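Subject: Structure handover

Hello,

Please find the structure below, followed by notes on what was found in it.

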2 protein chains.
Amino acid sequence: MNTCELVVTGTELLLGYVVNTHPNYIAPRLGSLGIRVTRIVTVGDDRCAMADAVSQALQRADLVIVTGGLGPTSDDVTRDVVAELLGRKLREDKKVLAKIKARFRARKVRMPKAIAVQAQVPEDALVLPNDHGTAPGLAFECGIRIAECGMTETAADVQRLLVLLPGPPRELKPMFDNYVMPLLRARGYATPAACRVFRTVGVGESWVAEMVEPLVKGRSDVELGYCARPNEVDVRLITRGSGAVALADELETRVRKRLGDIIFGGENDRLEDVVVRELIRQKRKLATAESCTGGLLASRITNVSGSSEVFTEGIVCYSNEAKMRDAGVKAKTLKAHGAVSRQVARELAEGIRQRAGTDFGVGITGIAGPTGGTAKKPVGLVFMALAGRRATEVRRAVWRYDRETFKFVVTQTALDMLRRALNTVH
Amino acid sequence: MNTCELVVTGTELLLGYVVNTHPNYIAPRLGSLGIRVTRIVTVGDDRCAMADAVSQALQRADLVIVTGGLGPTSDDVTRDVVAELLGRKLREDKKVLAKIKARFRARKVRMPKAIAVQAQVPEDALVLPNDHGTAPGLAFECGIRIAECGMTETAADVQRLLVLLPGPPRELKPMFDNYVMPLLRARGYATPAACRVFRTVGVGESWVAEMVEPLVKGRSDVELGYCARPNEVDVRLITRGSGAVALADELETRVRKRLGDIIFGGENDRLEDVVVRELIRQKRKLATAESCTGGLLASRITNVSGSSEVFTEGIVCYSNEAKMRDAGVKAKTLKAHGAVSRQVARELAEGIRQRAGTDFGVGITGIAGPTGGTAKKPVGLVFMALAGRRATEVRRAVWRYDRETFKFVVTQTALDMLRRALNTVH
């Protein structure tokens with residue numbers, strides 16, 4: 001399997017003002033070709049740091065992609081640094097220059113002199129056209145002498161592919177898809193691999209790992225990875241080799257059997273997507289009455305396009321008056337059990353379901369904190385109720401998180417109750 | 001000025017499935033201490049790559065921060081790798097173990113055996129408490145022999161600070177603020193620098209830059225940075241040198257005068273924090289009636305601790321029935337002008353204000369998209385209304401964004417209307 005290192009350049013990334021999203025575009029696409037990203041190095045617009053990062057990357061990886069620094073300003077030094085590093089002279093490429101000039105003519109804008117530097121191309125470089133800007137990308141095949149190190153006694157000469165891409169995403173993305181991907185296929189850098197993602201809800205990372213690890217134990221052609229968020233764990237399974245797809249299919253069956261219904265979806269599914277999709281499919285409607293989650297449940301549901309078909313209304317009833325007026329909670333229930341109670345959660349769910357005339361009603365009441373707790377009802381106590389046609393289910397939990405995580409975990413559990421109900425009540 | 005390198009670990013980052021936002025939290029905070037991030041290296045959960053990245057970073061930078069890989073699963077190897085690299089034995093720390101056990105007891109959950117590995121602490125390491133999870137952070141002061149290289153003829157011994165932090169942002173962020181920042185100050189890593197952050201709403205990045213840049217032109221002891229999100233631009237002003245604080249104070253006055261009331265707060269203020277704080281101070285109450293923002297406004301307000309004092313209720317009225325029943329919108333208004341109209345926004349705001357008996361009512365109606373638009377009412381059209389004691393203000397806008405960004409920008413504008421009303425109507 002071929003490896004790739006990314007060298008991402010830009011002082012604004014080191015200052016932390018801009019989020020580096022290039023890897024999130026490039027890596028999955030390389031992954032689909034069986035090319036593994038093994039390191040990402042971010043450096044500033046600094047000649048020494050960049051030369052050091054690129055030459056080290058060429059020592060280790062088959063493919064090196066450098067992003068940024070191809071523009072016309074004084075801090076754009078990538079082209080120079082790489083030409084010097086590889087010992088190649090820069091020459092003005094007449095075709096590239098003509099294309100840049102044409103771009104300015106078409107816009108009826110005078111071309112600043114500095115722009116012409118973008119037509120400088122190192123000798124023997126392949127030009128990758130930029131269909132959305134002036135700076136072309138560049139690709140080089142180069143022989144590199146691997147330095148001696150502790151592991152290998154002798155130096156060796158190897159072939160590497162070095163690709164330079166412009167930094168702006170709207171220029172980089174189409175260039176990557178239209179020119180870099182075909183180049184990698186044409187030059188034989190692609191190898192077979194397959195990937196499966198399972199998103200789970202309601203259990204912890206170590207529990208999921210304990211269940212799944214034995215299925216792939218001792219296999220060198222399979223890799224497992226986990227990504228854990230509160231109440232949510234993603235399992236990522238990657239297989240390699242000529243039988244990668246068949247092996248992934250086989251393992252997928254085993255993982256699904258093992259993890260069962262804690263799996264709620266795949267790579268691009270959020271829990272709210274799965275729930276709204278299933279409500280639409282079953283033509284069922286939903287209304288919500290939230291206290292401590294303060295509208296987050298409604299907001300997550302309405303993040304899904306098409307939710308207006310199934311979500312009729314939500315109320316956020318922080319005050320007791322609103323609980324009574326909008327969801328029909330009884331005054332005597334509030335008095336007897338308090339606002340944060342099993343009974344009030346039930347009345348919220350049943351009340352909003354009845355008022356809105358929907359198939360499902362969700363009621364949530366709890367103490368998000370950091371203040372408001374008592375000995376009997378501590379901060380983090382929450383009741384989540386789901387009212388359906390036949391019955392109402394109420395869950396109790398105590399979660400000590402910061403306010404926003406608390407709200408997320410509570411709505412996550414409410415959505416999961418709804419998902420399970422939709423899976424069983426047909 | 002001290003330098004820092006970040007080593008961010010996690011195979012999910014190399015696969016491109018997770019966006020690496022740690023630098024965006026850490027770098028600006030280090031900048032405020034006069035510490036500059038010079039390189040960010042991302043490696044997978046791989047012992048060799050991690051050891052290589054950490055030892056190289058220690059060669060170059062005064063401070064090295066490693067994030068991730070402190071969890072309990074087999075791919076969490078940071079603790080081991082660093083202990084081996086520095087030649088320090090791992091020992092079970094009884095205090096840390098007790099704290100982990102207490103955490104599980106409080107939740108009445110069985111502690112998986114693997115979790116105990118998080119109590120393994122390398123000798124002479126400083127434990128950084130984790131107030132939001134089980135894995136503590138670790139800090140080491142260590143003497144490093146700088147390797148000979150082309151530039152320096154002889155090897156030298158230097159002191160470095162190495163800090164290991166857990167990967168989950170909700171654990172890393174408070175640990176960084178509460179334990180790493182004080183540690184850096186206490187150990188003398190901070191150099192004289194002052195930082196001021198101005199958060200603005202409602203204007204674009206180039207407009208803000210044009211206003212502010214002339215104030216610092218030609219000064220080498222001042223650095224300006226911008227961070228732009230839809231409808232929000234942060235301006236970061238950093239001064240250096242012995243007179244850093246006085247200079248920052250002077251420039252702050254000038255920036256505030258220049259930007260005026262588009263500044264809504266400082267570093268740690270979200271717009272919802274500022275609005276809730278001011279509602280509390282003025283003892284005024286608020287209720288909301290949202291259609292296209294689907295509860296996001298209520299959710300943002302209730303993210304603020306203490307909001308229950310001033311926010312009585314919100315309704316999310318996707319259906320026309322809910323608009324009429326819960327907010328008192330008139331059937332004839334819906335019929336005459338349609339649900340997405342200036343008149344319905346006004347009736348939502350006035351209706352919810354009256355029903356809830358609050359000082360302010362917010363009404364929002366629009367077309368979030370991607371579908372549902374017409375020639376006269378395109379996707380992105382939205383009306384935002386604020387009803388107060390004396391008058392109701394309605395704003396119209398057309399914003400073409402993805403669904404979630406659209407919701408954010410609309411709620412941002414509604415919050416800003418409220419902020420301006422609170423600043424003027426006393």
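Two residues are taken to be in contact when their C-beta atoms, placed from the backbone, lie within 7 Å. Please keep in mind that this is a predicted model.

**One residue in chain A**

L165(A) is located in strand β8 of chain A. Setting aside neighbours within four places in sequence, L165(A) makes contact with I65(A), T67(A), G137(A), L172(A), M175(A) and F176(A). Is L165(A) buried or exposed? It counts as buried, because 29 C-beta neighbours lie inside 10 Å and the cut-off for a buried residue is 20 or more. There is also an approach across the sequence: the C-alpha atoms of L165(A) and L70(A) are 7.5 Å apart, although 95 residues separate the two along the chain.

**The sheet**

Strand β8 of chain A (residues 156–165) runs antiparallel to strand β7 of chain A (residues 137–146), and nine bridges join them. Within this pair, R145(A) has D157(A) as its bridge partner.

Both strands belong to an open sheet of 12 strands with mixed pairing, in the order β6(A)-β7(A)-β8(A)-β3(A)-β1(A)-β2(A)-β2(B)-β1(B)-β3(B)-β8(B)-β7(B)-β6(B). At the edges are β6 (126–128) of chain A and β6 (126–128) of chain B, each of which pairs on one side only. From one strand to the next the twist averages 25 degrees. Helix α2 of chain B (residues 22–32) packs on the sheet and touches β1 (3–9), β2 (36–43) and β3 (63–67) of chain B. The direction of this helix makes about 165 degrees with that of β1(B).

**Chain A overall**

Chain A contains 14 helices and 17 strands. Its C-alpha trace spans about 85 × 60 × 40 Å along the principal axes. The radius of gyration of chain A is 28 Å, whereas a compact globule of 426 residues would have one near 22 Å. Of the 426 residues, 46% count as buried. Among contacts in chain A with a separation of 6 or more, 66% come from residues 24 or more positions apart.

**A helix pair in chain A**

Helix α9 (residues 271–282) and helix α14 (residues 403–424) of chain A pack at about 35 degrees, with axes 10 Å apart. Their crossing is left-handed. On the α9(A) side the contact is made by L271(A), E272(A), V274(A), V275(A), E278(A), L279(A) and Q282(A). On the α14(A) side it is made by Q412(A), L415(A), D416(A), L418(A), R419(A) and L422(A). By class, these are seven nonpolar, two polar and four charged residues.

**Between the chains**

How many residues does each chain bring to the contact? Chain A supplies 56 residues and chain B supplies 62 residues. The chain A side divides into 28 nonpolar, 20 polar and eight charged residues.

Strand β14 (residues 311–317) of chain A pairs with strand β14 (residues 311–317) of chain B in the antiparallel sense, over five bridges. In that pairing, C317(A) has E313(B) as its bridge partner.

**A hairpin in chain B**

Strands β16 (residues 381–387) and β17 (residues 392–398) of chain B pair in the antiparallel sense over seven bridges. They form a hairpin with four residues between the strands, and A387(B) stands opposite T392(B).

Regards

Methods. Residues are numbered from 1 along each chain as its sequence is written. Chains are lettered from A and ligands numbered from 1 in the order in which they are written. This is a predicted model: local features need pLDDT of at least 70, side-chain atom pairs count only at pLDDT 80 or more; totals for chains, interfaces and linings use all residues. Ala, Val, Leu, Ile, Met, Phe, Trp, Tyr, Cys and Pro count as nonpolar, Asp, Glu, Lys and Arg as charged, and the others, Gly among them, as polar. Two strands pair if DSSP finds at least two bridges between them. Helices (H or I, at least four residues) and strands (E, at least two) are DSSP runs, numbered from the N terminus. The radius of gyration is taken over C-alpha atoms; the globule rule is 2.2 Å times the number of residues to the power 0.38. A residue is buried if 20 or more other C-beta atoms lie within 10 Å of its own, exposed if 12 or fewer, and partly exposed in between; C-beta atoms are placed from the backbone. Axes are lines fitted to C-alpha atoms, for helices over the stretch in contact, and angles run from 0 to 180 degrees between N-to-C directions. A crossing is left-handed if the near helix is turned anticlockwise from the far one by less than a right angle, and right-handed if clockwise.
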